Amino acid sequence: MELFDLIKALILGFVEGMTEFAPVSSTGHLIIVDDMWLKTEEFLGKYPANTFKIVIQLGSILAVVVVFWKRLLSLVGLYKVDGKKMTKRFNLLHVIVGMLPAVILGFAFKDFIDDHLFGVKTVIFALVAGAILMLVADKFGPKRPKVQSLDQITYRQAFTVGLVQCLSLWPGFSRSGATISGGVLFGMNHRTAADFTFIMAVPIMAGASLVSVLKNWEYMSMDYISFYVVGFISAFVFSLISIRFFLKLISKVKLVPFALYRIFLAIVLAAIVFL
(Lines give C-alpha, C1' and ligand atoms only; values in the text may rest on other atoms or scores of the structure.)
Protein backbone atom coordinates (compact mmCIF):
# COMPACT_ATOMS: atom_id res chain seq x y z
CA MET A 1 0.00 0.00 0.00
CA GLU A 2 1.35 3.42 -0.97
CA LEU A 3 2.16 6.18 1.52
CA PHE A 4 -0.59 8.45 0.17
CA ASP A 5 -3.16 5.74 0.85
CA LEU A 6 -2.04 5.57 4.48
CA ILE A 7 -2.29 9.36 4.68
CA LYS A 8 -5.91 8.96 3.56
CA ALA A 9 -6.49 6.54 6.45
CA LEU A 10 -4.87 9.02 8.84
CA ILE A 11 -7.10 11.83 7.59
CA LEU A 12 -10.26 9.75 7.88
CA GLY A 13 -9.24 8.69 11.40
CA PHE A 14 -8.76 12.37 12.25
CA VAL A 15 -12.21 13.24 10.89
CA GLU A 16 -13.79 10.34 12.81
CA GLY A 17 -12.03 11.19 16.06
CA MET A 18 -12.75 14.92 15.98
CA THR A 19 -16.41 14.60 14.96
CA GLU A 20 -17.68 11.36 16.56
CA PHE A 21 -18.50 12.96 19.90
CA ALA A 22 -19.42 16.44 18.73
CA PRO A 23 -23.04 16.80 17.56
CA VAL A 24 -22.04 17.37 13.94
CA SER A 25 -22.18 13.76 12.61
CA SER A 26 -18.96 11.84 12.16
CA THR A 27 -20.56 9.56 9.55
CA GLY A 28 -21.72 12.58 7.60
CA HIS A 29 -18.27 14.14 7.65
CA LEU A 30 -16.62 10.85 6.67
CA ILE A 31 -18.96 10.49 3.72
CA ILE A 32 -18.30 14.09 2.68
CA VAL A 33 -14.52 13.91 2.98
CA ASP A 34 -14.27 10.48 1.41
CA ASP A 35 -16.86 10.70 -1.38
CA MET A 36 -15.90 14.21 -2.46
CA TRP A 37 -12.14 14.08 -1.94
CA LEU A 38 -10.32 10.92 -0.87
CA LYS A 39 -12.49 8.37 -2.73
CA THR A 40 -11.27 5.25 -0.90
CA GLU A 41 -14.03 3.23 -2.54
CA GLU A 42 -12.04 3.35 -5.78
CA PHE A 43 -9.25 1.14 -4.40
CA LEU A 44 -10.93 -0.64 -1.49
CA GLY A 45 -14.28 -1.39 -3.09
CA LYS A 46 -17.73 -0.25 -1.93
CA TYR A 47 -18.36 -2.61 0.98
CA PRO A 48 -14.83 -2.61 2.49
CA ALA A 49 -14.82 1.20 2.24
CA ASN A 50 -18.13 1.44 4.12
CA THR A 51 -16.84 -1.09 6.64
CA PHE A 52 -13.70 0.97 7.18
CA LYS A 53 -15.84 3.97 8.12
CA ILE A 54 -17.49 1.84 10.79
CA VAL A 55 -14.45 -0.11 11.96
CA ILE A 56 -12.42 3.01 12.77
CA GLN A 57 -15.17 3.80 15.23
CA LEU A 58 -13.54 1.08 17.35
CA GLY A 59 -10.73 3.55 17.92
CA SER A 60 -13.27 6.07 19.15
CA ILE A 61 -14.87 3.42 21.37
CA LEU A 62 -11.51 2.66 22.96
CA ALA A 63 -11.10 6.35 23.71
CA VAL A 64 -14.47 6.38 25.51
CA VAL A 65 -13.39 3.36 27.54
CA VAL A 66 -10.21 5.15 28.57
CA VAL A 67 -12.09 8.30 29.65
CA PHE A 68 -15.06 6.60 31.33
CA TRP A 69 -13.42 3.38 32.58
CA LYS A 70 -14.65 3.80 36.16
CA ARG A 71 -18.27 4.26 35.11
CA LEU A 72 -18.08 1.41 32.62
CA LEU A 73 -16.66 -0.98 35.22
CA SER A 74 -19.33 0.13 37.67
CA LEU A 75 -22.02 -0.94 35.18
CA VAL A 76 -20.92 -4.56 35.54
CA GLY A 77 -20.29 -4.35 39.30
CA LEU A 78 -16.49 -4.21 39.14
CA TYR A 79 -16.17 -0.69 40.54
CA LYS A 80 -18.28 1.18 43.08
CA VAL A 81 -18.53 4.90 42.45
CA ASP A 82 -18.18 6.68 45.82
CA GLY A 83 -18.74 3.33 47.50
CA LYS A 84 -22.54 3.48 47.10
CA LYS A 85 -24.79 0.58 46.19
CA MET A 86 -25.27 0.03 42.50
CA THR A 87 -29.07 -0.25 42.81
CA LYS A 88 -29.23 3.45 43.69
CA ARG A 89 -27.02 4.60 40.88
CA PHE A 90 -26.77 4.76 37.12
CA ASN A 91 -26.48 1.14 36.03
CA LEU A 92 -26.37 -1.26 33.12
CA LEU A 93 -30.16 -1.35 32.74
CA HIS A 94 -30.17 2.38 31.93
CA VAL A 95 -27.79 1.69 29.06
CA ILE A 96 -29.77 -1.32 27.78
CA VAL A 97 -33.07 0.58 27.90
CA GLY A 98 -31.49 3.54 26.11
CA MET A 99 -29.86 1.59 23.30
CA LEU A 100 -32.65 -0.94 22.64
CA PRO A 101 -34.79 1.13 20.21
CA ALA A 102 -31.85 2.02 17.94
CA VAL A 103 -30.52 -1.54 18.02
CA ILE A 104 -33.88 -2.98 16.90
CA LEU A 105 -34.40 -0.45 14.12
CA GLY A 106 -30.74 -0.62 13.12
CA PHE A 107 -30.92 -4.36 12.53
CA ALA A 108 -34.23 -4.03 10.72
CA PHE A 109 -33.12 -1.33 8.30
CA LYS A 110 -29.34 -1.82 8.05
CA ASP A 111 -29.35 -2.94 4.41
CA PHE A 112 -31.62 -0.06 3.40
CA ILE A 113 -29.39 2.43 5.21
CA ASP A 114 -26.20 1.04 3.64
CA ASP A 115 -27.68 1.00 0.13
CA HIS A 116 -29.65 4.26 0.08
CA LEU A 117 -28.58 6.70 2.83
CA PHE A 118 -24.78 6.70 2.57
CA GLY A 119 -24.39 9.66 0.20
CA VAL A 120 -23.63 13.39 0.21
CA LYS A 121 -27.13 14.43 -0.83
CA THR A 122 -28.87 12.53 1.97
CA VAL A 123 -26.29 13.85 4.46
CA ILE A 124 -27.12 17.44 3.51
CA PHE A 125 -30.75 17.01 4.53
CA ALA A 126 -29.75 15.12 7.68
CA LEU A 127 -27.41 17.94 8.73
CA VAL A 128 -30.26 20.43 8.55
CA ALA A 129 -32.78 18.15 10.28
CA GLY A 130 -30.35 17.46 13.13
CA ALA A 131 -29.59 21.17 13.48
CA ILE A 132 -33.29 21.95 13.83
CA LEU A 133 -33.65 19.37 16.61
CA MET A 134 -30.65 20.85 18.45
CA LEU A 135 -32.04 24.39 18.19
CA VAL A 136 -35.41 23.15 19.46
CA ALA A 137 -33.71 21.41 22.40
CA ASP A 138 -31.82 24.54 23.49
CA LYS A 139 -34.91 26.71 23.01
CA PHE A 140 -37.55 24.58 24.71
CA GLY A 141 -35.54 22.42 27.12
CA PRO A 142 -36.05 23.23 30.82
CA LYS A 143 -34.06 26.27 31.95
CA ARG A 144 -33.25 24.55 35.24
CA PRO A 145 -32.85 20.83 34.45
CA LYS A 146 -33.65 18.47 37.30
CA VAL A 147 -31.15 15.85 36.18
CA GLN A 148 -27.66 17.13 37.02
CA SER A 149 -25.77 13.82 37.00
CA LEU A 150 -25.94 10.31 35.56
CA ASP A 151 -27.21 8.92 38.86
CA GLN A 152 -30.41 10.99 38.57
CA ILE A 153 -31.44 9.59 35.18
CA THR A 154 -34.63 7.51 35.30
CA TYR A 155 -35.32 4.46 33.16
CA ARG A 156 -38.12 6.35 31.45
CA GLN A 157 -35.74 9.15 30.49
CA ALA A 158 -33.19 6.63 29.25
CA PHE A 159 -35.81 4.99 27.02
CA THR A 160 -37.08 8.33 25.71
CA VAL A 161 -33.56 9.41 24.79
CA GLY A 162 -33.15 6.01 23.13
CA LEU A 163 -36.18 6.70 20.94
CA VAL A 164 -34.73 10.03 19.86
CA GLN A 165 -31.43 8.29 19.15
CA CYS A 166 -33.15 6.31 16.38
CA LEU A 167 -33.01 9.47 14.25
CA SER A 168 -29.23 9.04 14.10
CA LEU A 169 -29.63 5.92 11.96
CA TRP A 170 -29.93 8.47 9.16
CA PRO A 171 -26.26 9.19 8.28
CA GLY A 172 -25.53 12.85 8.86
CA PHE A 173 -28.09 13.31 11.64
CA SER A 174 -25.52 12.62 14.41
CA ARG A 175 -25.98 10.14 17.22
CA SER A 176 -24.58 12.48 19.85
CA GLY A 177 -26.63 15.36 18.45
CA ALA A 178 -29.82 13.30 18.68
CA THR A 179 -29.19 11.87 22.15
CA ILE A 180 -27.90 15.07 23.74
CA SER A 181 -30.87 16.96 22.30
CA GLY A 182 -33.23 14.28 23.58
CA GLY A 183 -31.64 14.37 27.01
CA VAL A 184 -31.88 18.16 27.20
CA LEU A 185 -35.52 18.16 26.05
CA PHE A 186 -36.44 15.61 28.71
CA GLY A 187 -34.80 17.16 31.75
CA MET A 188 -31.03 16.58 31.70
CA ASN A 189 -28.38 19.25 31.72
CA HIS A 190 -26.05 19.28 28.73
CA ARG A 191 -23.09 17.62 30.49
CA THR A 192 -25.19 14.74 31.85
CA ALA A 193 -26.79 14.19 28.44
CA ALA A 194 -23.31 14.10 26.89
CA ASP A 195 -21.99 11.64 29.50
CA PHE A 196 -24.96 9.35 28.90
CA THR A 197 -24.44 9.63 25.16
CA PHE A 198 -20.79 8.63 25.33
CA ILE A 199 -21.30 5.70 27.68
CA MET A 200 -24.24 4.38 25.65
CA ALA A 201 -22.08 4.67 22.53
CA VAL A 202 -19.73 1.88 23.62
CA PRO A 203 -22.03 -1.14 23.15
CA ILE A 204 -23.88 0.41 20.18
CA MET A 205 -20.76 1.30 18.20
CA ALA A 206 -18.98 -1.91 19.14
CA GLY A 207 -21.99 -3.96 18.03
CA ALA A 208 -22.36 -2.04 14.76
CA SER A 209 -18.67 -2.49 13.99
CA LEU A 210 -18.79 -6.23 14.71
CA VAL A 211 -21.88 -6.80 12.58
CA SER A 212 -20.39 -4.86 9.68
CA VAL A 213 -17.08 -6.71 9.85
CA LEU A 214 -18.78 -10.11 9.92
CA LYS A 215 -21.14 -9.22 7.11
CA ASN A 216 -18.37 -7.90 4.86
CA TRP A 217 -15.61 -10.30 5.91
CA GLU A 218 -15.45 -11.84 2.45
CA TYR A 219 -14.57 -8.44 1.00
CA MET A 220 -11.74 -7.82 3.45
CA SER A 221 -8.13 -8.29 2.34
CA MET A 222 -4.90 -8.52 4.33
CA ASP A 223 -3.41 -6.24 1.70
CA TYR A 224 -5.31 -3.38 3.33
CA ILE A 225 -4.61 -4.23 6.99
CA SER A 226 -2.19 -1.30 7.36
CA PHE A 227 -4.93 1.04 6.08
CA TYR A 228 -7.29 -0.14 8.82
CA VAL A 229 -4.62 -0.01 11.54
CA VAL A 230 -3.59 3.57 10.71
CA GLY A 231 -7.24 4.66 10.66
CA PHE A 232 -7.91 2.95 13.99
CA ILE A 233 -4.94 4.54 15.77
CA SER A 234 -5.67 7.95 14.31
CA ALA A 235 -9.32 7.79 15.40
CA PHE A 236 -8.31 6.70 18.92
CA VAL A 237 -5.80 9.52 19.46
CA PHE A 238 -8.00 12.29 18.10
CA SER A 239 -11.08 10.92 19.92
CA LEU A 240 -9.24 11.20 23.24
CA ILE A 241 -8.52 14.83 22.49
CA SER A 242 -12.03 15.67 21.31
CA ILE A 243 -13.87 13.90 24.16
CA ARG A 244 -12.04 15.80 26.89
CA PHE A 245 -12.39 19.08 25.03
CA PHE A 246 -16.08 18.60 24.23
CA LEU A 247 -17.06 17.66 27.80
CA LYS A 248 -15.56 20.93 29.02
CA LEU A 249 -17.16 22.92 26.21
CA ILE A 250 -20.73 21.62 26.03
CA SER A 251 -21.90 23.09 29.36
CA LYS A 252 -20.66 26.53 28.31
CA VAL A 253 -21.77 26.86 24.70
CA LYS A 254 -24.62 24.30 24.60
CA LEU A 255 -25.91 23.15 21.18
CA VAL A 256 -26.59 26.31 19.18
CA PRO A 257 -23.03 26.83 17.80
CA PHE A 258 -22.94 23.24 16.57
CA ALA A 259 -26.38 23.61 14.97
CA LEU A 260 -25.30 26.77 13.14
CA TYR A 261 -22.17 25.01 11.90
CA ARG A 262 -24.28 22.14 10.56
CA ILE A 263 -26.55 24.54 8.68
CA PHE A 264 -23.56 26.42 7.23
CA LEU A 265 -21.96 23.13 6.13
CA ALA A 266 -25.22 21.97 4.55
CA ILE A 267 -25.50 25.23 2.57
CA VAL A 268 -21.93 24.92 1.29
CA LEU A 269 -22.45 21.29 0.30
CA ALA A 270 -25.78 22.04 -1.38
CA ALA A 271 -24.12 24.77 -3.43
CA ILE A 272 -21.43 22.31 -4.55
CA VAL A 273 -23.74 19.38 -5.26
CA PHE A 274 -26.88 20.99 -6.65
CA LEU A 275 -25.56 24.09 -8.47
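**View 1. Crossing of helices α5 and α12.** The axes of α5 (57–67) and helix α12 (residues 225–253) come within 7 Å and cross at roughly 40°. Axes here are lines fitted to C-alpha atoms, for helices over the stretch in contact, and angles run from 0 to 180 degrees between N-to-C directions. That angle makes α5 oblique to α12; angles under 35 degrees count as roughly parallel, over 145 as roughly antiparallel, 65 to 115 as roughly perpendicular and the rest as oblique. The crossing of α5 and α12 is right-handed, a term for the near helix being turned clockwise from the far one by less than a right angle. Helices are DSSP runs (H or I, at least four residues), numbered from the N terminus.

The model is predicted: local features need pLDDT of at least 70, side-chain atom pairs count only at pLDDT 80 or more, and totals for chains, interfaces and linings use all residues. Residues are numbered from 1 along each chain as its sequence is written, and side-chain values use heavy atoms, with hydrogens and water left out.

**View 2. Salt bridge between Arg175 and Glu20.** The closest N and O atoms of Arg175 and Glu20 are 3.6 Å apart. Arg175 lies in helix α10 (residues 175–185) and Glu20 in the loop between α1 (3–19) and α2 (26–38), so the pair ties together parts that are 155 residues apart in sequence. Both Arg175 and Glu20 are buried (under 20% relative accessible area; exposed is over 50% and partly exposed in between, with a 1.4 Å probe and protein chains only). A salt bridge is a side-chain nitrogen of Lys or Arg within 4 Å of a carboxyl oxygen of Asp or Glu, and the count by this rule is five.

**View 3. Salt bridge between Lys53 and Asp34.** Here the closest N and O atoms are 2.8 Å apart. Lys53 sits in helix α4 (residues 46–55) and Asp34 in helix α2, 19 residues apart. Lys53 and Asp34 are buried.

**View 4. Salt bridge between Asp151 and Arg89.** The closest N and O atoms of this pair are 2.6 Å apart. Asp151 is in the loop between α8 (120–140) and α9, and Arg89 in the loop between α6 and α7, 62 residues apart. Asp151 counts as partly exposed because its relative accessibility is 24%, whereas Arg89, at 6%, counts as buried. Salt bridges that share partners join Arg71, Arg89 and Asp151 into one network.

Note on methods: Helix = DSSP H or I, 4+ residues; strand = E, 2+ residues; numbered from the N terminus.
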